[in-house]
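Open your viewer and get ready to select residues by number. We will walk through the model one stop at a time.

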Amino acid sequence: MRAVVVLLIFQIFCTSFLFSQEVTNQLWLEYRPTYTFSPKVKVDMRLSFRDEFDDTNWHTWEARFIPALKLSKGFDVNLGLSFLETSQALQLSTTEIRLAPGMRYKLPWERVELGAWARFELRWVYNKELSDWTYTTRPRLRIFTDIPINAKSMKEDGFIYATSFIEFFYQDDDDVQERYAQRYWFRLGLGYKLNQNWRFEMLYNRQDSKSTINTSFDELSKQNIFVIAVRHQLNKQKK
């Protein structure tokens with residue numbers, strides 16, 4: 001069964017190369033701390049910097065906070081709050097606030113972590129050149145998995161694991177001017193779990209997006225995104 005899922009994802013990933021009009025390359029640096037208040041309450045955070053190799057005019061700073069409440073084994077509800085500062089183009093910069101209520105479920109498997117995460121994203125984007133706010137919404141659905149390579153469970157320490165997800169975005173309003181309006185992306189990479197507090201990941205993203213800046217929204221582009229991430233459990237997890 002696992003082999004079938006991997007092959008299907010790989011097929012979707014390879015098919016995406018056939019329809020690309022433009023391919024660009026980006027580097028993302030991420031620090032992702034988590035603070036656990038109780039067995040049922042935690043806050044996931046992310047601080048990131050994103051830069052494009054091919055265009056020195058595009059880069060993004062992001063801070064994200066996701067408090068989550070565990071309702072049952074493997075299931076939680078969460079509320080994401082993100083702040084982004086982006087240089088979209090030579091004469092276009094934006095400030096963005098995102099609020100994203102969501103639900104996340106992990107199957108109760110011991111060896112492999114497999115789950116889905118659904119969010120409804122509310123976006124407020126401020127165009128600094130026009131001094132204007134734009135509001136839009138964006139549902140998104142992610143299917144994710146973590147598979148230990150040289151361990152029996154993700155709960156162990158000192159092992160290498162494979163990590164992957166595929167996520168789809170539905171944009172019902174194209175009024176927001178941005179360089180990369182995401183449609184879907186696929187991530188695949190390797191991680192090393194040092195202990196219960198530290199994980200290190202090297203990841204590759206393939207992103208399908210469209211530009212809404214002074215161009216037809218039908219134009220398609222793709223991005224190769226290389227991600228270096230550090231995941232940090234800030235406090236000892238409470239049982």
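The tour below goes from strands to a surface patch and then to aromatic rings.

Before you click, note that this is a predicted model, where local features need pLDDT of at least 70 and side-chain atom pairs count only at pLDDT 80 or more, while totals for chains, interfaces and linings use all residues. Residues are numbered from 1 along each chain as its sequence is written, and side-chain values use heavy atoms, with hydrogens and water left out.

**Stop 1: paired strands**

Select residues 41-52 (strand E2) and 59-72 (strand E3), which pair in the antiparallel sense over eleven bridges. Strands here are DSSP runs (E, at least two residues), numbered from the N terminus, and two strands pair if DSSP finds at least two bridges between them. Zoom in on phenylalanine 49 and you will find tryptophan 61 of E3 standing opposite.

Click on alanine 63: its bridge partner in E4 is phenylalanine 83. Then look at the hairpin of E3 and E4, with two residues between the strands, where glycine 74 takes a positive phi near 85 degrees.

**Stop 2: a nonpolar patch**

Switch to a surface view and select Tyr35, Phe37, Val41, Leu69, Leu71 and Leu234, which make a nonpolar surface patch of about 500 Å². For such a patch, residues need over 30% relative accessible area and no salt bridge, and nonpolar side chains (Val, Leu, Ile, Met, Phe, Trp, Tyr) are joined within 5 Å. A salt bridge is a side-chain nitrogen of Lys or Arg within 4 Å of a carboxyl oxygen of Asp or Glu. Strand E1 (23-38) and E3 are the elements that give two or more residues to the patch.

**Stop 3: aromatic rings**

Next, show phenylalanine 165 and tryptophan 185. Their ring centres are 5.7 Å apart and their planes at 55 degrees, so the pair is tilted. Rings of Phe, Tyr and Trp (its six-membered ring) pair if their centres lie within 6.5 Å; planes under 30 degrees apart count as stacked, over 60 as edge-to-face and the rest as tilted.

Is tryptophan 185 buried or exposed? Tryptophan 185 is buried, at 5% relative accessible area, where buried means under 20%, exposed over 50% and partly exposed in between (1.4 Å probe, protein chains only).

Notes:
Helix = DSSP H or I, 4+ residues; strand = E, 2+ residues; numbered from the N terminus. Patch = residues over 30% accessible without salt bridge, like charges linked within 9 Å, V, L, I, M, F, W, Y side chains within 5 Å. Areas by Shrake-Rupley, 256 points an atom, 1.4 Å probe, with all protein chains shown as cover.
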